[in-house]
Amino acid sequence: MNGLANIAISVGDPNGIGPEIALKSAERLALGNRARPLIVGSRIVVDFYASALGIRTAWQDLSELSKRRRKNLEIDCVHVDCFHSTDFSPGVCSAASGRACIRYLEAAVRLQQIGTARATVAAPHNETAIRAAGIEFSGYPSYLQKMLGDESEVFLLLVSDKTRVCHVTLHLSLREALERVTKSRVEACLIVADEAIRKMGVEAPRLGVAGLNPHASEGGLFGSEESNIIVPAIERARDRGIDVVGPLGADMLFSTREEFDVIIVMFHDQGHAPMKALYGRNTIALSVGAGLTFASVGHGSAPDIAGDLTADPVPLYRACCGVLGVDI
């Protein structure tokens with residue numbers, strides 16, 4: 001196992017199912033000899049679930065990690081000192097758990113930035129908890145962009161075995177999302193999606209673009225956003241050599257999804273609703289455009305079953321395998 005690439009797994013909201021599924025996924029990665037996982041979270045939380053699940057852990061000093069030969073079935077962990085025993089209450093949404101979730105995320109990303117980890121996978125967050133902590137947050141992609149301070153745009157790319165969907169806007173009210181659908185942002189999403197799909201091994205990606213309005217406005221009958229915003233963005237992308245079709249009605253795009261390597265949607269539910277209806281929780285949520293290898297899952301922190309030890313780790317495990325390029 002020594003020498004295999006590390007993958008940093010942030011445990012997400014500590015009062016949700018994240019710590020449980022992070023440990024279950026890490027154990028499965030180690031047992032399958034697929035990676036050397038590195039759990040990032042608070043010791044009080046990780047130790048609770050490790051004990052309950054019978055998973056052996058080893059808390060590490062990062063400066064010594066590269067020199068250490070891991071013992072069989074022992075999962076390396078890195079402590080982030082931001083969450084205490086009085087805050088730990090599975091199923092409870094709190095400012096403390098929201099703040100800790102973000103601190104874990106930042107620590108895991110830093111591990112990738114310094115080369116300790118090859119990829120970062122984050123267990124699910126709870127947006128209500130994060131907002132309660134006073135942290136501006138609208139999903140992992142936007143927070144990554146803010147954290148990295150890069151001028152490039154970061155977008156969410158949902159990936160299943162058969163369909164990929166990239167979102168122009170994400171966790172915003174519909175009114176706010178409409179304001180964020182601009183020519184420059186649509187064009188940036190097309191460019192980033194094309195680059196991401198090429199990195200996945202598709203030499204000449206074909207992009208299908210959804211309209212904003214029903215039937216992609218039906219030639220202007222239901223709005224002007226397609227002609228004023230989306231079409232100019234598509235034309236600029238085509239000038240770059242990107243193969244783009246649209247704008248088309250989202251229902252038409254998803255009914256003919258096999259014709260496209262990625263579908264571009266304008267707002268959250270336009271992409272999430274059909275993907276979850278078609279593939280359930282078995283989608284990988286990639287953040288693309290950040291210059292990092294980062295993924296999460298297409299489901300929430302499930303506080304209703306937190307602490308029950310019944311959470312299914314498969315979606316998070318799939319995300320880990322996906323970013324590492326190993327078989328599931």
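With a relative accessible area of 38%, Arg198 is partly exposed (buried means under 20%, exposed over 50%, partly exposed in between, with a 1.4 Å probe and protein chains only). Arg198 and Asp194 sit 4 residues apart in helix H8, so about one helical turn separates them (helices are DSSP runs of H or I with at least four residues, strands runs of E with at least two, numbered from the N terminus).

This is a predicted model, where local features need pLDDT of at least 70, side-chain atom pairs count only at pLDDT 80 or more, and totals for chains, interfaces and linings use all residues. Residues are numbered from 1 along each chain as its sequence is written, and side-chain values use heavy atoms, leaving out hydrogens and water.

Helix H8 shows up again in the next pair. Arg236 and Glu187 meet in a salt bridge at 2.7 Å, N to O. Arg236 belongs to helix H9 (residues 225-239) and Glu187 to helix H8 (residues 183-199), so this pair ties together parts 49 residues apart in sequence. Glu187 is buried at 10% relative accessibility.

Over in helix H4 (residues 95-113), Arg103 and Glu106 lie 3 residues apart, and their side chains meet in a salt bridge at 2.8 Å. Arg103 is partly exposed at 27%, while Glu106 is buried at 15%. The total count is 10 salt bridges.

Terms used: A salt bridge is a side-chain nitrogen of Lys or Arg within 4 Å of a carboxyl oxygen of Asp or Glu.
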